[in-house]
Protein chains: 2
Amino acid sequence: MDGANRILNPHLRSKVMSAHEAALLIPSGANVGMSGFTGAGYPKELPTALAKRILDANLHGQKFKIGVWTGASTAPELDGALAMVDGIEMRLPYQSDPTCRKRINAGEMEYIDVHLSHVAQFVWGGFLGKLDVAVVEVAGILEDGRLIPSSSVGNNKTWLDQADKIILEVNAWQNPHLEGMHDIYYGTALPPHRKAIPIERTEDRIGEPYFRIDPSKVIAVIETNKADRNSAFTPPDQNSQRIAGHILEFLQHEVKMGRLPKNLLPLQSGVGNVANAVMAGLQDGPFDNLTAYTEVLQDGMLELIKSGKLTCASATSFSLSPNALTELNADLPRFKDSIILRPQEISNHPEVIRRLGVIAMNGLIEADIYGNVNSTHIMGTSIMNGIGGSGDFARNAFISIFMTPSSAKNGSISCIVPMVSHVDHTEHDVQIIVTEQGLADLRGLSPKQRAKVVIENCAHPNFRPALREYYDRAQRYSPGRHTPHLLDEAYTFLPNWIANNAARAAWRQESTVQADAWAT
Amino acid sequence: MDGANRILNPHLRSKVMSAHEAALLIPSGANVGMSGFTGAGYPKELPTALAKRILDANLHGQKFKIGVWTGASTAPELDGALAMVDGIEMRLPYQSDPTCRKRINAGEMEYIDVHLSHVAQFVWGGFLGKLDVAVVEVAGILEDGRLIPSSSVGNNKTWLDQADKIILEVNAWQNPHLEGMHDIYYGTALPPHRKAIPIERTEDRIGEPYFRIDPSKVIAVIETNKADRNSAFTPPDQNSQRIAGHILEFLQHEVKMGRLPKNLLPLQSGVGNVANAVMAGLQDGPFDNLTAYTEVLQDGMLELIKSGKLTCASATSFSLSPNALTELNADLPRFKDSIILRPQEISNHPEVIRRLGVIAMNGLIEADIYGNVNSTHIMGTSIMNGIGGSGDFARNAFISIFMTPSSAKNGSISCIVPMVSHVDHTEHDVQIIVTEQGLADLRGLSPKQRAKVVIENCAHPNFRPALREYYDRAQRYSPGRHTPHLLDEAYTFLPNWIANNAARAAWRQESTVQADAWAT
């Protein structure tokens, strides 16, 4: 694809219009499937134009809301703009926009937190209602009408297949060398017609590099030249490095015990600084010929590819810092053999994750002493972002690791709690919990045995006495002692203990001051 | 196989001994993998003999405990006997024995609640420690040493492959015509060597009818002639029939909407009276050419096969009433084309369940207004039985249904609660909740929308006002309003409301009595 003209198909060329004009083609009440995954490959023009139209409608006293379905999180120009004008009726399956989050938690916007691997089949199966319009960014349009996918694939195949109407954004900012990097699988079906997904190794390509579409469904083509949102990563802090260290030590131990091959198994890693620290740790670690079967390609993984430590990474999207992106774009053809971008139904497919034996590494908000994990809710009631792909990977992984600093908010809150306030990953699905304090291997342990290692290995020393006290009390007074709990204290014990502790400390300090005063 | 001599291999014939002698070959501290799944195909002699040995050891002041791993639940002669003498150190992955349950909940026995599909790979991967001895019931031994499986397959292939030593129980009570009914798949592997499981339709046979073993590992063969534990089902009560009615109506609606084929998709159904009522409902329903890809074959499914409504059922075990069993055994060859018994790692394999698009129907202990399900714990602390295969099926199903009467204990407890006290199936994995009151279709609904339909469609009218009050209060006072909750009231609200309600009723009655007294 030549960078100058990215719309080679004459029919689609004839559909070019402004974002403002295209936005007029979307009616209120429509369900709109948008491209975009972790800030890559989202439409840059249409959503903002639509937000302006909604603003105008609001000013004229008209209600105008749409359903917004995406791959995962997008950017201020999409989620932010539409949420600012209160234009989203229902959002799914994952978001991380502050304005969206605020509206959802104020009860002003509905949000459904769906496993990322489930979205395509739910839409195809008609479980979420009709998809009216697809708005998809592409890197270009071939002469025969096929589309070159952009920097993320997400649910785009499903949107293009299922929507009544299609609006395309052709983004000249996207590297033309993306062509050929994608693997779009057209072999999926609804039951009873499903066949095995034929991936047996991370590097297996099973599809084609383009999206197929019905050109008659395309109602608008928008041209743009805007960059993906990319945020810089902070360099790994000491806690992240410690977490990474514990994970590396664990992996080496598993290899030594013969429970993992020398080059490990395909790695999956969530987004964020801890994940990046683990990748940095692998850079200096003893493992070679690594592979990654994951959702998102971050800086750390790119570094591993560059150094030759990682031979192949399969994902559905990039999520790179501006620096890493510049580097990637300068040298993209070199990475074509080692990076595959797939639809998220395939990157997160339970069947493939289980078969490959992925090592899943995901973050969390809080874990409890019995190994249940909350990935989504603050105080059980406010959504943070969503479960994303963590459930797809953790549930089907060969080894399922969850990682977090042991405390949050400058050490004032323990991330290890008696009972999580919301469960996204049950005790049945969590094998390893890691904090900067250490690692708890929960495999083969009963709930009570888990509680001991979680408290002693993972909790911050400041909160260990409180957690021990809760667990001791629970063992004594719990109605049942398989999973000892005091239900009427489970959520209040830790906050009360912390408050009392602060009071005790103040009292101790006051006593000391008085004692000092007396001493003088 | 001739019924008279079931041990055709001379070497294994030479290993025949009494259960008492065989029990002496199991040392304290051993991990023992036993056959048995929902009361079918468990060893009838060795466990009781071992329990007696443990009793003797205890009387001599010696501690003697073993780890007991099975397929699922067994019988009093196994779990009951060993638990009575406190002979079980660790139990997994599922049990339903009253003595076991009592010990676990008293904190005297450790129990790990593992997804049934995970057990084989955990053991093979070395995650649960060394498996020392396999104790497996078989229907017979071929001349070349291969084994004819019994009335359940469970984890037997894994036990026979992984254990250092093998003890076989050859049960002449088992129908010799079981030969040929099983499909033992030897194509599994640990990653990175896994291939697709080649099942594309319920009726696909992908393995062989026998277990292969290394005869040199066999240390004892025990002969027996004892029946499987079989319990009668109570005839479906009105509530079960109503639940079945709602499910049938739902399935018809889905077919009408084009979301399910006319002959539905492969059915999975948990064990119990409600499940049996659903099967009875299907007997009179409009669907033909049904199939079942499930864990356990109950009476209702057998009836569907007999009537020609169900063309093929794949499971890992039978769980029949004595009457149904007599009928099956009288006519077993007739069922050979329509029943397949597979290892539980295959009957419950996420890959196959997802591919076939199973309709999963499982029971529950309590569900909350936001769609989280507790299948295992009483008051968050005592285990009932275990998660069994419900997670394997619900998580990977095309449609995941949970069913329960709306209240328990003669109507004194609501099975719909503000917040479940233990989560086995998260809000992300529960699509349909059904009680005798009605059906809540949670697909495409946000948490708040779910709360409304769960309360109005599923809760018992006696508890609806309480649940509405909680939900209203939560919407007003919850710190976040994505999933409105009052954490300090979530577990006490309903019991308090019930107690207050009883007090109110008593007060009203007393007022009436006094009013009456004044009136006279």
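Trainee: In the largest nonpolar core, which of the 163 residues touch the most other members?

Mentor: A nonpolar core is a set of buried Ala, Val, Leu, Ile, Met, Phe, Trp, Tyr and Cys residues joined through side-chain atoms within 4.5 Å; buried means under 20% relative accessible area (1.4 Å probe, protein chains only). Here they're L168(A), L282(A), I339(A), L168(B), L264(B) and I339(B). Helix α8 (residues 238–256) of chain B gives the most to this core, 7 residues; helices are DSSP runs (H or I, at least four residues), numbered from the N terminus. This is a predicted model: local features need pLDDT of at least 70, side-chain atom pairs count only at pLDDT 80 or more, and totals for chains, interfaces and linings use all residues. Side-chain values use heavy atoms, without hydrogens and water, residues are numbered from 1 along each chain as its sequence is written, and chains are lettered from A and ligands numbered from 1 in the order written.

Trainee: What is I339(B) in contact with, leaving aside neighbours within four places in sequence?

Mentor: Contact means heavy atoms within 4.5 Å. On that basis, I339(B) meets M181(B), R205(B), L297(B), L302(B), I305(B), A313(B), F318(B) and L328(B).

Trainee: L302(B) and I305(B) sit in α10(B). How many residues of that helix are buried?

Mentor: 6 of the 8 in α10(B) (residues 299–306), so the helix is largely enclosed by the rest of the structure. Just after α10(B), G308(B) takes a positive phi of about 85°.

Definitions and conventions:
Buried means under 20% relative accessible area, exposed over 50%, partly exposed in between (1.4 Å probe, protein chains only). Helices (H or I, at least four residues) and strands (E, at least two) are DSSP runs, numbered from the N terminus.
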